[in-house]
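Reader: I'd like to learn how to read a few features off a model, one at a time. Can we go through it together?

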Amino acid sequence: MYMKLYLFLIYEVVFLMLIGLIIYYAEIKRNLQLSLGLNKIIFVLCIFNVVFISYYIKRGLSICDLSNDLFC
């Protein structure tokens, strides 16, 4: 059984919320030891990934189609 693409989207959204929470907490508490710069870069990349996966879901493509488009 193949994993559906929307499951990857759910995992990515949860990861995106965790990174957003770290950024929010670090800015409120002024705790710069949490590496705000790196977390913001990861946050932007996650947003791009969510948009990318959503685009593939809208087109009705599978994980195999996604990997073929990326690596072939």
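Reader: Let's start with V51: is V51 buried or exposed?

Author: The general idea is to compare the relative accessible area with a cut-off, and exposed means over 50%. V51 has a relative accessible area of 52%, so V51 is exposed. V51 lies in helix α2. Keep in mind that this is a predicted model.

Reader: And how far is V51 from C64?

Author: Along the chain, V51 and C64 are 13 residues apart, and their C-alpha atoms are separated by 18 Å.

Reader: Now the inside. What should I expect of nonpolar side chains?

Author: In soluble globular proteins, they tend to be buried together. Here, the largest nonpolar core has 8 residues: L5, L9, L16, C46, V50, I53, Y56 and L66. The elements that contribute two or more residues to this core are α1 and α2, with α2 giving the largest share, 4 residues.

Reader: Which residues form a nonpolar patch on the surface, then?

Author: That patch is made of Y6, F8, I10, Y11, V13, V14, M17, L18 and I57, and together they have about 830 Å² of accessible area. Helix α1, residues 5-29, gives the most to the patch, with 8 residues. Take Y6, which is found in helix α1: its relative accessible area is 47%, so Y6 counts as partly exposed.

Reader: On to the rings. How many aromatic pairs does the structure hold?

Author: There are 3 aromatic pairs. One of them joins F48 and F52, and the pair is stacked, with 6.3 Å centre to centre and 20° between the planes. Both residues lie in helix α2 (residues 36-59), 4 residues apart, which is about one turn of the helix. F48 counts as exposed at 58% relative accessibility, while F52 counts as partly exposed at 24%.

Reader: Why is the Y55 and Y56 pair called edge-to-face?

Author: For ring pairs, planes over 60 degrees apart count as edge-to-face. The planes of Y55 and Y56 are at 85°, with the ring centres 5.9 Å apart, so the pair is edge-to-face. As for cover, Y55 is partly exposed, with a relative accessible area of 45%, whereas Y56 is buried, at 5%. F48, F52, Y55 and Y56 form one aromatic cluster.

Reader: What lies over the face of Y56?

Author: That would be R59, at 5.5 Å from the ring centre. Remember that Y56 also belongs to the largest nonpolar core.

Reader: Last feature: charges. What's the general idea there?

Author: Side chains of opposite charge can pair when their charged atoms come close. A search of the whole structure turns up 1 salt bridge. The side chains of K40 and E27 meet in it, at 2.9 Å from N to O.

Reader: Are K40 and E27 buried, partly exposed or exposed, and what are the values?

Author: K40 is partly exposed, with a relative accessible area of 37%. E27 is partly exposed too, with a relative accessible area of 34%.

Methods
Residues are numbered from 1 along each chain as its sequence is written. This is a predicted model: local features need pLDDT of at least 70, side-chain atom pairs count only at pLDDT 80 or more; totals for chains, interfaces and linings use all residues. Side-chain values use heavy atoms; hydrogens and water are left out. Patches are made of residues with over 30% relative accessible area and no salt bridge: like charges are joined within 9 Å, nonpolar side chains (Val, Leu, Ile, Met, Phe, Trp, Tyr) within 5 Å. Accessible areas come from the Shrake-Rupley method with a 1.4 Å probe; for residues, only the protein chains shown count as cover. A salt bridge is a side-chain nitrogen of Lys or Arg within 4 Å of a carboxyl oxygen of Asp or Glu. Buried means under 20% relative accessible area, exposed over 50%, partly exposed in between (1.4 Å probe, protein chains only). Rings of Phe, Tyr and Trp (its six-membered ring) pair if their centres lie within 6.5 Å; planes under 30 degrees apart count as stacked, over 60 as edge-to-face and the rest as tilted. A charge sits over a ring if NZ of Lys or CZ of Arg is within 6 Å of the ring centre and within 35 degrees of the ring normal. A nonpolar core is a set of buried Ala, Val, Leu, Ile, Met, Phe, Trp, Tyr and Cys residues joined through side-chain atoms within 4.5 Å.
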